[in-house]
Structure formats: C-alpha cells, structure tokens
Amino acid sequence: MTTKGYFAGIRRSSTEPISKPPRRISVASGAIPEASTQRRNSHNVHFREKDTASQQDDTVVIAVMGVTGSGKSSLISLLADQPVGIGHNLQSHTTHTDMFSFSHPETKNTVILLDTPGFDDTDRSDTEILKEISCFLAMIHEKRWRLVGIVYLHRITDPRLGGSAMKNLHMFEKLCGSRSFPGVVLVTNMWGDLEPTEAGRALGERRQGELKSQFWKTILEAGGNVMQHDGSKESASAIVSSLVRRNEEIVLHIVHELVEERKTLDETDAGQFVQAELLKIKKKYDREIADLQESMEEAMEARDEETARAIKREREAAKAKVAQKARESKGLKISMQQLVQEKMAEYDARATEPENQEAVKGRITELFEEFKSEMREEMREELESEMRDVKERLAKIETGPTEKTEQRVEQQEEEQLKEDNKAGGLMGWFSRPLSGFSRA
C-alpha cells in the first residue's frame with residue numbers, strides 16, 4: 001500500500017528491527033501496572049501490546065489545543081509538511097480533529113501535530129467536541145504512538161479570560177489531569193498585535209504574569225511551562241522542540257479513564273464537567289419557558305392574540321433548546337467501543353462528500369484504515385482461539401469429538417468469519433462490537 005499524506009515516513013517494514021526503550025508513562029490519577037493486566041489479556045482486549053521490535057519509536061505526537069481563534073492552525077502551518085487551512089477571525093475553522101506531520105530536523109523524529117477544535121466551537125456542541133478529541137487521543141494511545149506533550153494557546157491580546165476561555169481551560173485541565181501537566185506548554189501568542197511600543201510590551205507581560213499567578217498556577221506548580229510565540233517558524237519550532245527533546249510519554253487522564261478504567265464518557269471528569277454545564281443551561285431555559293408561559297397566559301387574558309402567538313413561538317424555541325441539551329447529555333453515555341464506531345461512521349461519511357475528499361484523504365481515514373486492518377487480524381486470532389476452546393469443551397463433554405461435532409464446529413467458525421468479512425468499506429469490520437473497549 002502506498003504511503004501518502006502525513007503517514008509518509010511513519011510506516012516501516014515489519015521485518016525492520018526497531019529498538020524501543022522502556023515506556024515512561026505519566027497518568028492523571030492512580031498508577032497503571034506495568035503493561036496493564038487489562039491490556040495484556042488478549043481475551044478481553046483487541047488492542048494488545050505490540051511486540052517491542054515492531055513499535056515505531058521515531059513517531060511522536062503533540063496535541064495543539066486552545067479556544068477558537070487562538071492560533072492553533074497558524075502555529076501548525078509553520079511546521080507541517082502538508083497545507084493547513086487557517087481561519088482569520090473568531091469563526092471556527094478547525095471543525096474536526098486533523099493531523100499534520102513533519103520530520104524534526106534535530107532529532108529526526110516524525111512529529112504528528114494534532115489540530116483540535118476549541119470547546120467554544122461555533123458549529124458543534126461541547127459534547128461533540130469532547131467525543132471527538134477523546135476518541136482520537138484514545139486511538140493514538142492504543143496505536144502505540146507516543147504522546148509527548150500538549151501545546152495550549154492563549155491570545156495575549158485578550159484583556160481578560162472570558163467565560164468561553166475559562167471553560168476551555170477547565171476542560172483542558174480535566175482532559176489532562178495533574179500528572180500530565182509536566183508535558184504541557186502554555187503558549188501566549190499574537191504578541192505582534194499589541195502596540196509596538198514599550199507600553200504595549202509591558203501590557204503583554206503584565207497579562208502573562210496574571211495568567212501565571214492566577215489561572216495557570218495549578219498547571220505550572222505541577223511542572224507545566226510557559227513560552228511565547230511571536231508568529232515565526234523559529235518560535236513555533238522552539239515550542240514543539242521543547243516537548244520533542246523532553247521525550248517523556250504522557251497518558252492523559254481522559255485516556256486513562258476511558259481505556260484503562262473503561263468508564264463511559266459521562267463518567268469521566270471531563271464528561272461530568274460538560275454534564276454540569278448542560279444542566280446549568282437547561283435550568284436557564286426552564287426558567288425562560290416558565291416566564292414565557294406566564295407572559296403568554298397574560299397576553300391571552302388581554303385577548304392580545306398576536307403577542308400570544310409570538311410568545312408561544314419563543315416558548316417552543318426554548319423547549320427545542322432544552323430537548324437539544326438533553327440529547328447532548330444522553331450522547332455522553334457512550335463507551336469507548338461505541339465512540340470509535342461512531343467516529344468511524346462519521347469520517348467514512350465525510351470521505352464520500354466531494355468537498356471533504358481531499359481533506360480527509362491520506363490523514364484521518366488512513367489512521368482508521370490501519371486500525372481496521374490491525375484489529376481485524378486480532379479479531380480473527382481471538383475468534384480462532386474461541387473456536388479452539390469450543391472444541392476442547394465439546395471434547396470434555398463427550399467421550400470424544402465425533403466427526404459430526406467437528407464438522408459443526410468448523411461450519412460455525414466458517415460462518416462467523418464470513419459474517420465478519422462480508423461488510424465492505426471503512427465500516428466493514430466495525431459491524432461487530434469491539435470487545436477490547438467494552439466495559440467488564
């Protein structure tokens with residue numbers, strides 16, 4: 001298969017030896033036993049630990065996060081070998097998670113930069129953003145790519161942290177967990193948009209000082225760092241290089257919760273934060289509906305039908321918003337296996353749309369295709385093992401396996417394999433539940 005897009009330089013021949021040092025893992029809460037027992041149990045887990053000789057030690061991942069318009073795509077575009085779309089206002093340009101790569105000139109690592117939408121996205125709910133980011137972080141973890149850090153961007157031009165910025169920061173902390181904070185670089189950017197005077201520079205330094213002493217204090221005390229981005233390629237390279245040279249793998253709290261603890265998304269710390277925000281909004285609309293109901297009754301008593309109809313429309317709109325928030329809350333009650341399947345279907349659909357084919361081709365779809373191929377093989381091995389167990393149990397129950405029994409077992413095995421392979425396209429394999437992510 002031809003390698004293209006950001007996968008260029010990532011894949012190796014299966015026979016090419018690769019040495020890999022012991023994994024250095026940081027998790028947000030609790031300790032993970034070495035080579036986690038859950039993950040090593042091939043009967044319960046599809047994504048088994050790969051052989052050390054086949055792991056790709058030269059590939060590292062850095063996630064780039066921040067509010068809409070904070071300059072995530074702009075920073076990535078300075079380094080990536082592929083073209084990156086950039087928004088030029090506060091309208092969200094990055095509506096879906098995307099990946100870009102480049103070869104680090106000093107360490108020779110293939111660096112994958114994960115471009116993520118903010119939690120103040122103009123087109124998608126916080127629930128959808130959380131589901132998407134969580135899914136990709138978990139898949140990167142299971143793919144055995146090493147996440148070595150996160151860059152969190154903040155506009156130094158902002159006079160204060162508004163509601164959306166504070167929400168983004170809190171969500172970021174929930175996603176990472178305190179034990180991953182040493183792999184975080186908090187970046188202030190857009191310094192060039194301040195007045196090019198000593199007063200302008202002093203204003204920026206004062207704002208950065210407030211961020212460090214108040215809003216970013218928890219992250220910094222746990223080992224995080226602060227850097228400035230002046231908009232140049234050299235500055236972007238220095239920020240990313242600080243994490244590449246550090247070369248410490250981190251496992252984010254959200255990944256630990258979903259993969260290791262096998263929680264559903266609504267049970268995670270980040271999911272609970274989103275649920276709390278949804279509850280606040282629901283209460284707000286409930287009050288609005290009650291007030292509108294009262295106003296409508298007053299208008300009807302006054303025989304003001306036109307006003308009553310207008311209020312009724314407002315009330316119905318508020319009810320629709322409440323129903324939407326209820327659907328978003330319900331959407332968080334999803335396991336990791338269901339989340340992967342959902343995102344596979346979503347990106348498969350996007351890949352068939354003419355306007356998205358070029359953007360999706362060679363990036364996310366290739367990641368999904370690799371996942372599908374690897375998991376299909378592991379599923380086949382597990383199925384064959386299950387069939388062997390069936391034969392052994394039958395042999396114990398009966399005095400000995402008759403020819404008829406063996407034929408029946410072989411027929412069951414063949415029918416199962418045909419069923420698993422009959423569905424085509426990107427979603428073929430995923431028609432069967434992923435036992436590796438199902439909760440015990």
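**Helices across a mixed sheet**

Helix α3 (residues 126–142) lies across β1, β2, β3 (110–115) and β4, and runs at about 165° to β1. Such angles run from 0 to 180 degrees between N-to-C directions, with axes fitted as lines to C-alpha atoms, for helices over the stretch in contact; contact means heavy atoms within 4.5 Å. Helix α7 (residues 233–246) lies across β1, β2, β3, β4, β5 (184–189) and β6, at about 145° to β4.

This is a predicted model, in which local features need pLDDT of at least 70 and side-chain atom pairs count only at pLDDT 80 or more, whereas totals for chains, interfaces and linings use all residues. Residues are numbered from 1 along each chain as its sequence is written, and side-chain values use heavy atoms, with hydrogens and water left out.

The 6 strands form an open sheet with mixed pairing, in the order β2-β3-β1-β4-β5-β6. Its edge strands, β2 (98–103) and β6 (225–228), each pair on one side only, and the twist averages 25° from one strand to the next. Two strands pair if DSSP finds at least two bridges between them. Strand β1 (residues 59–66) pairs with β4 (residues 146–155) in the parallel sense over 7 bridges; here Val 64 stands opposite Val 151 in β4.

The chain as a whole has 14 helices and 6 strands, taken as DSSP runs (helices H or I, at least four residues; strands E, at least two) and numbered from the N terminus. Of its 440 residues, 47% are buried, that is, under 20% relative accessible area with a 1.4 Å probe, protein chains only. Among contacts between residues at least 6 apart in sequence, 76% join residues at least 24 apart.

Note on methods. Buried < 20%, exposed > 50% of the residue type's maximum accessible area, 1.4 Å probe, protein only.
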